[in-house]
Amino acid sequence: MLGEHGFQWHCHKSSCVYSLSSPWWHRFQCFNFFSLGTVFITVGAFLPSAPALCNTESCSSMNGTQHLVYFSGLYLTAIGCGGVRSALLPLGADQFNNDSSLDIQKRRNFFSLFYICVIFGVITSGTIVVWIQENVSWAIGYGVATACIALALIGFLVGTPIFRRHEPHGSPVRSVFQVIVASFRNLALELPADSSLLYEVRRKNTQKSEPKLAHTDDFRFLDKAAIMSDLSLDQDSCTSPWRICTVTQVEELKILIRLLPIWATGIFFCVGISQMHTTFIQQGTVMNTKIGSLSIPAASLYSFEVICVTFWVFLVNKVIIPVTRACFANGAEMTQLQRIGIGRFLMIFAMAIAAFLEMKRLESVQGGDQPLSIAWQLPQYFIIAGAECFTIITQLEFFHGQAPDSMKSMLTAFALLTTALGNYFSSAIITLIARVTGTWHSPGWIPDDLNKGHLDYYYWCLAAISAVNFVVYIYFASKYKLKKAVIQV
């Protein structure tokens, strides 16, 4: 049964507990994994010869229990972190009403604030926590992180009674496979000319309207899963979901297929984003890190990028979108797909600026001049922050809005997965280019000593990849059909 706030309960006599299959339980378990993982890491740091502290000599004295505690904590933390991010984002977005224009604006601000909080967390862990670990104690540093997770878990539990809940039913993965299987099983059946003849559940004895997805004409093969044969003309009869599926189920799979190319272009976009943590830092280390009397570590410029993301969020929400709303007819504003496209386009400029800077840096080195100031890297960080604001934040909002109710957490996780896959693709591209160019002429484009290489060629390659990625995105975005829900009583 459903509780007062939409929670799914299983009640027996005088006791009620949350359903173990409810999204609330899944979110709670993700927090448990996260907190348990940080506890294990903290305990592991207190152990003698902890993996985080040992050098080559002391590591050999570690026993299996110490390894098990520490590395179990690392894996539990990774699993919990991924689960918490993909689970909490839909929960927060569900607190806003889709029918209210004010709530829609608030939800957009929520996505921006959520992302800013995530990247500010990265900065905090890379500065304050690292300082504590280096100057006080590794164990205390990990303990600070554990305390933060514990506070987040307490906040989640305290806020649970007031959360607005939309509890999906059924497994989205099973539904996808049911549509595929039913499509092949009905392969010999002929599609009706009238799509209203396709199978859809219509509730006759309910007081609450249930949203269904409107039929679309693309991917017609999948419509065969909703064909009603002579044996299943009566919609009230018990039919196997592996034999016949509803139009809504079919449309859910179509949404996944439409999102796939948009998602794939996001991976190549994140290849550019990952340069902030790799080649941008390498480039900065061979530049003059003095700005006035201050010595600026190359890795610290990521903090400037986070500040720029915050500035871009304010600029987009308070200036750019209102201006476009005033300029467009009928008060329309830029669509989410258009904003994502702007971010893809800005990435081309970011990589081109990085390439141009590297060209000038190499010219100064070859001419025997003083190294260029690291301050010249700020423009590329500023542009890439704009691309991040337009694309990453909007992409999270877009995937959540287009996802069926039963797939919001899954598609949010897929949207976040582009960052991880972008990092892997970036590593693969760097490895490939280093090997190929090293074979052509030593030491290649990306040697250990960048003054002897051509990192600018690598950046130009990324600019070309970003340009092709932008063109591919424009094609699929122009063909994309937005989700359309209909209300059936």
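The model is predicted, so local features need pLDDT of at least 70 and side-chain atom pairs count only at pLDDT 80 or more, while totals for chains, interfaces and linings use all residues. Residues are numbered from 1 along each chain as its sequence is written, and side-chain values use heavy atoms, with hydrogens and water left out. The protein chain has 13 helices and 6 strands. Helices (H or I, at least four residues) and strands (E, at least two) are DSSP runs, numbered from the N terminus.

**The chain as a whole**

- Of the 489 residues in the protein chain, 44% count as buried. Buried means under 20% relative accessible area, exposed means over 50%, and partly exposed is in between (1.4 Å probe, protein chains only).
- The protein chain exposes about 25300 Å², and carbon and sulfur atoms supply 66% of that area. Accessible areas come from the Shrake-Rupley method with a 1.4 Å probe; for residues, only the protein chains shown count as cover.
- Among contacts in the protein chain between residues at least 6 apart in sequence, 79% join residues at least 24 apart. A contact means heavy atoms within 4.5 Å.

**Helix packing**

- Two packed helices are described by the angle between their axes and the distance between the axes. Axes are lines fitted to C-alpha atoms, for helices over the stretch in contact, and angles run from 0 to 180 degrees between N-to-C directions.
- The axes of helix α4 (residues 101–135) and helix α9 (residues 301–327) come within 9 Å and cross at roughly 170°. This makes α4 roughly antiparallel to α9. On the α4 side the contact includes Q105, R108 and N109, and on the α9 side it includes Y302, S303 and V306.
- The axes of α6 and α7 also come within 9 Å, but they cross at roughly 105°. This makes α6 roughly perpendicular to α7. Angles under 35 degrees count as roughly parallel, over 145 as roughly antiparallel, 65 to 115 as roughly perpendicular, and the rest as oblique.
- In that pair, S175, V176, Q178, V179 and I180 of α6 meet Q249, V250, E252, L253 and L256 of α7.

**Salt bridges**

- The count comes to 7 salt bridges. A salt bridge is a side-chain nitrogen of Lys or Arg within 4 Å of a carboxyl oxygen of Asp or Glu.
- The side chains of R258 and D218 form one of them, at 3.0 Å from N to O. R258 lies in helix α7 (residues 247–273) and D218 in the loop between β3 (210–213) and α7, so the pair ties together parts that are 40 residues apart in sequence. Both R258 and D218 are buried.
- R258 also forms a salt bridge with E251, at 3.8 Å from N to O. E251 is buried, as is R258.
- A network of salt bridges links D218, R220, D223, E251, K254 and R258.
- R361 and E358 meet in a salt bridge at 2.8 Å, N to O. Both lie in helix α10 (residues 336–366), 3 residues apart, which is about one turn of the helix. R361 counts as buried because its relative accessibility is 1%, and E358 counts as buried at 0%.

**A nonpolar surface patch**

- V173, F177, I180, V181, F184, L187, F221 and W242 make a nonpolar surface patch of about 700 Å². Patches are made of residues with over 30% relative accessible area and no salt bridge; like charges are joined within 9 Å, and nonpolar side chains (Val, Leu, Ile, Met, Phe, Trp, Tyr) within 5 Å.
- V173 is found in helix α6 (residues 172–185). V173 is partly exposed, with a relative accessible area of 43%.

**Single residues**

- V316 is in helix α9 and counts as buried at 5% relative accessibility. Not counting residues up to four places away in sequence, V316 touches I321, P322, C389 and F390. V316 and F390 are 74 residues apart in sequence, while their C-alpha atoms are 8.2 Å apart in space.
- T146 sits in helix α5 (residues 138–159) and is buried, with a relative accessible area of 15%. Leaving out residues up to four places away in sequence, T146 touches T38, V39 and T42.
- A299 is in the loop between β5 (294–295) and α9. A299 is partly exposed, with a relative accessible area of 47%. The C-alpha atoms of A299 and H277, 22 residues apart along the chain, are separated by 7.5 Å.
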